[in-house]
Amino acid sequence: MVMTITVNVVDANLVELLAKVEAGEDVILAKGDTPVARLTTLASAPEQHLGDAGELPKQEQERRRALIEDIRDFRRTMPKVKTDEILEWKSEGRR
């Protein structure tokens with residue numbers, strides 16, 4: 001069963017809506033008469049990994065470590081920036 005509810009009612013009923021979603025019901029969120037979003041269980045959505053990096057597959061952990069090291073290497077090639085330079089850049093757009 002699909003339930004439609006307006007966005008202005010969601011705040012007051014979020015706990016109840018999540019309980020309905022967990023029970024397998026889809027909830028459509030609407031602005032006025034226009035549907036804008038659907039709440040559905042993750043079990044019916046494509047599988048997503050929501051854990052921390054320690055739970056990622058080893059290959060993904062290694063890929064991320066390599067990317068981080070690439071960023072660090074790039075930052076080492078950049079000139080040092082002083083605080084007064086940053087403040088000058090910040091105020092430059094306000095002139």
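Visitor: Which side chain makes a polar contact of 2.9 Å with the side chain of Asp-26?

Guide: The model under discussion is predicted. Asp-26 is found in strand β2, which spans residues 26-31. The side chain of Asp-26 has a polar contact of 3.1 Å with the side chain of Arg-38. The contact of 2.9 Å is made with the side chain of Thr-40.

Visitor: Is Asp-26 buried or exposed?

Guide: Buried means a relative accessible area under 20%. The relative accessible area of Asp-26 is 19%, so this residue counts as buried.

Visitor: In what order do the elements of the protein chain run from the N terminus?

Guide: The secondary structure of the protein chain comprises three helices and three strands. Read from the N terminus, the order of these elements is β-α-β-β-α-α.

Visitor: Which strands stand at the edges of the sheet?

Guide: The three strands form an open sheet with mixed pairing, in the order β1-β2-β3. A strand with a single partner has one side left without a neighbour in the sheet, so the edge strands are β1 (2-6) and β3 (34-39).

Visitor: What is the average twist from one strand to the next?

Guide: The sheet in question is the open one with the order β1-β2-β3. From one strand to the next, its twist averages 30°.

Visitor: Do β1 and β2 run parallel or antiparallel?

Guide: Strands of a sheet pair through backbone hydrogen bonds, in either a parallel or an antiparallel manner. Met-3 has Val-27 in β2 as its bridge partner, and Thr-6 has Ala-30 in β2. Five bridges join β1 to β2, and the two strands run parallel.

Visitor: Which residue in the turn between β2 and β3 has a positive phi?

Guide: Five bridges join β2 to β3, and these strands run antiparallel. Lys-31 stands opposite Thr-34 in β3. The two strands form a hairpin with two residues between them, and the residue with a positive phi, about 65°, is Gly-32.

Visitor: How many of the six residues of β2 are buried?

Guide: Across the protein chain, buried residues make up 14% of the 95 residues. β2 is largely enclosed by the rest of the structure, because the number of its residues that are buried is five.

Visitor: Leaving aside neighbours within four places in sequence, which residues are in contact with Ile-5?

Guide: Ile-5 is one of the residues of the largest nonpolar core. Once its neighbours within four places in sequence are left aside, the residues in contact with Ile-5 are Val-10, Asn-13, Leu-17, Val-27, Ile-28, Leu-29 and Ala-30.

Technical notes: Residues are numbered from 1 along each chain as its sequence is written. This is a predicted model: local features need pLDDT of at least 70, side-chain atom pairs count only at pLDDT 80 or more; totals for chains, interfaces and linings use all residues. Side-chain values use heavy atoms; hydrogens and water are left out. Helices (H or I, at least four residues) and strands (E, at least two) are DSSP runs, numbered from the N terminus. Buried means under 20% relative accessible area, exposed over 50%, partly exposed in between (1.4 Å probe, protein chains only). A polar contact is a pair of N or O atoms within 3.5 Å; within protein, one must be able to donate a hydrogen and the other to accept it, and residues adjacent in sequence count only if both atoms are side-chain atoms. Two strands pair if DSSP finds at least two bridges between them. Axes are lines fitted to C-alpha atoms, for helices over the stretch in contact, and angles run from 0 to 180 degrees between N-to-C directions. A nonpolar core is a set of buried Ala, Val, Leu, Ile, Met, Phe, Trp, Tyr and Cys residues joined through side-chain atoms within 4.5 Å. Contact means heavy atoms within 4.5 Å.
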